[in-house]
Amino acid sequence: MRHYRLTNQERAATGFTDAFGLDHKDLVATSGTTENIVLQTLGANVAVLYTDACFIVTEAFSGTGITEVKLQVGHNGINGGTLDIDHFAANQSVLLLNTFEGGATPSTSTNITAATEIDVLFTTTGAAPSLVTAGQVVVYMKIIRQSDVLNAQA
């Protein structure tokens, strides 16, 4: 998994601050049909997390015996709350190139007051995640960190 902090120009153009690139090599589970990948853990009192999110499939997912690959973007419980595996992006297929999905909920923001994981859950049908041999998706999110605005000009 790769994590990119978007440039000021990219932020202005898209409204997103972060991009997370995931590909088939990140899927390593050899049993079962799910793979959870932590995108980032946000620390307490240093970030505001928005529900704005989207993803685009830049390489179609496929593999031996794979009939479906779906993706969800969620969290482990914002500020110690309830786990929500599809808070940012609902259960969507990533089998087709250029599949583009927007956020699962209307835009809201939350001050992060306790460590919070943002994660992606892949679910495969037909075979274990490790048998996915192709595929790449980029997840875009809006996370405003203290370091983004510290020393900002007023």
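# Working through a predicted fold

In this predicted model, Asn-45 has a relative accessible area of 56%, so Asn-45 is exposed. Let's start from there.

**Exercise 1.** Work out where Asn-45 lies and what phi it has.

*Solution.* 
- Step 1: find the spot. Asn-45 sits in the loop between β3 and β4.
- Step 2: Most residues other than glycine have a negative phi.
- Step 3: check the angle. Phi of Asn-45 is near 60 degrees, a positive value, and this residue is not a glycine.

**Exercise 2.** Is Asn-98 buried or exposed, and in which loop is its place?

*Solution.* 
- Step 1: look up the loop. You'll find Asn-98 between β6 and β7 (100-101).
- Step 2: use the cut-off, which is over 50% for exposed. Asn-98 has a relative accessible area of 51%, so it counts as exposed.
- Step 3: Asn-98 has a positive phi of about 70 degrees, although it isn't a glycine.

**Exercise 3.** How far apart are the C-alpha atoms of Gly-80 and Ala-115?

*Solution.* 
- Step 1: check its cover. With 67% relative accessibility, Gly-80 is exposed.
- Step 2: compare chain and space. Gly-80 and Ala-115 are 35 residues apart along the chain, yet their C-alpha atoms are separated by 7.7 Å.

**Exercise 4.** How many helices and strands does the protein chain have, and in what pattern do they follow each other?

*Solution.* 
- Step 1: count the elements. There are 2 helices and 10 strands.
- Step 2: walk along the sequence. The pattern reads β-α-β-β-β-β-β-β-β-β-β-α.
- Step 3: picture the box. Along the principal axes, the C-alpha atoms fill roughly 55 × 35 × 25 Å.
- Step 4: see who touches whom. Take contacts between residues at least 6 apart in sequence: 78% of them join residues at least 24 apart.

**Exercise 5.** Which strands form the open sheet of 4 strands, and in what order?

*Solution.* 
- Step 1: read the order. It goes β3-β9-β5-β6, with antiparallel pairing.
- Step 2: find the edges. β3 and β6 each have a single partner strand, so one side of each has no neighbour in the sheet.
- Step 3: Ignoring direction, neighbouring strands are turned by 15 degrees against each other on average.
- Step 4: zoom in on β5 and β9. They pair over 8 bridges in the antiparallel sense. Here Gly-74 stands opposite Asp-119 in β9, and Gln-72 has Leu-121 as its bridge partner.
- Step 5: now the other side of β5. β5 and β6 are antiparallel too, over 4 bridges, and Lys-70 faces Ser-93 in β6.
- Step 6: ask how covered β5 is. Of its 8 residues, 7 are buried.

**Exercise 6.** Which residues have the most contacts inside the largest nonpolar core, and which element gives the most to this core?

*Solution.* 
- Step 1: start with a general idea. In soluble globular proteins, nonpolar side chains tend to be buried together.
- Step 2: look at the core. It has 30 residues, and Leu-49, Val-73, Ile-118, Phe-122 and Met-141 have the most contacts inside it.
- Step 3: list the contributors. Elements that give two or more residues include β3 (34-42), β5 (68-75) and β9 (116-125). β4 gives the most, with 6 residues.
- Step 4: follow one member, Ile-118. Beyond its neighbours within four places in sequence, its contacts include Leu-49, Val-73, Phe-88 and Met-141.
- Step 5: Of the 154 residues, 40% count as buried.

**Exercise 7.** Where is confidence lowest, and where is it highest?

*Solution.* 
- Step 1: take the overall value. The mean pLDDT of the chain is 93, and 97% of residues reach 70 or more.
- Step 2: Helix α2 (residues 146-149) is lowest, at a mean of 84, and β2 is highest, at 98.

Notes:
Residues are numbered from 1 along each chain as its sequence is written. This is a predicted model: local features need pLDDT of at least 70, side-chain atom pairs count only at pLDDT 80 or more; totals for chains, interfaces and linings use all residues. Side-chain values use heavy atoms; hydrogens and water are left out. A nonpolar core is a set of buried Ala, Val, Leu, Ile, Met, Phe, Trp, Tyr and Cys residues joined through side-chain atoms within 4.5 Å. Buried means under 20% relative accessible area, exposed over 50%, partly exposed in between (1.4 Å probe, protein chains only). Contact means heavy atoms within 4.5 Å. pLDDT is the predictor's confidence in each residue, from 0 to 100. Two strands pair if DSSP finds at least two bridges between them. Axes are lines fitted to C-alpha atoms, for helices over the stretch in contact, and angles run from 0 to 180 degrees between N-to-C directions.
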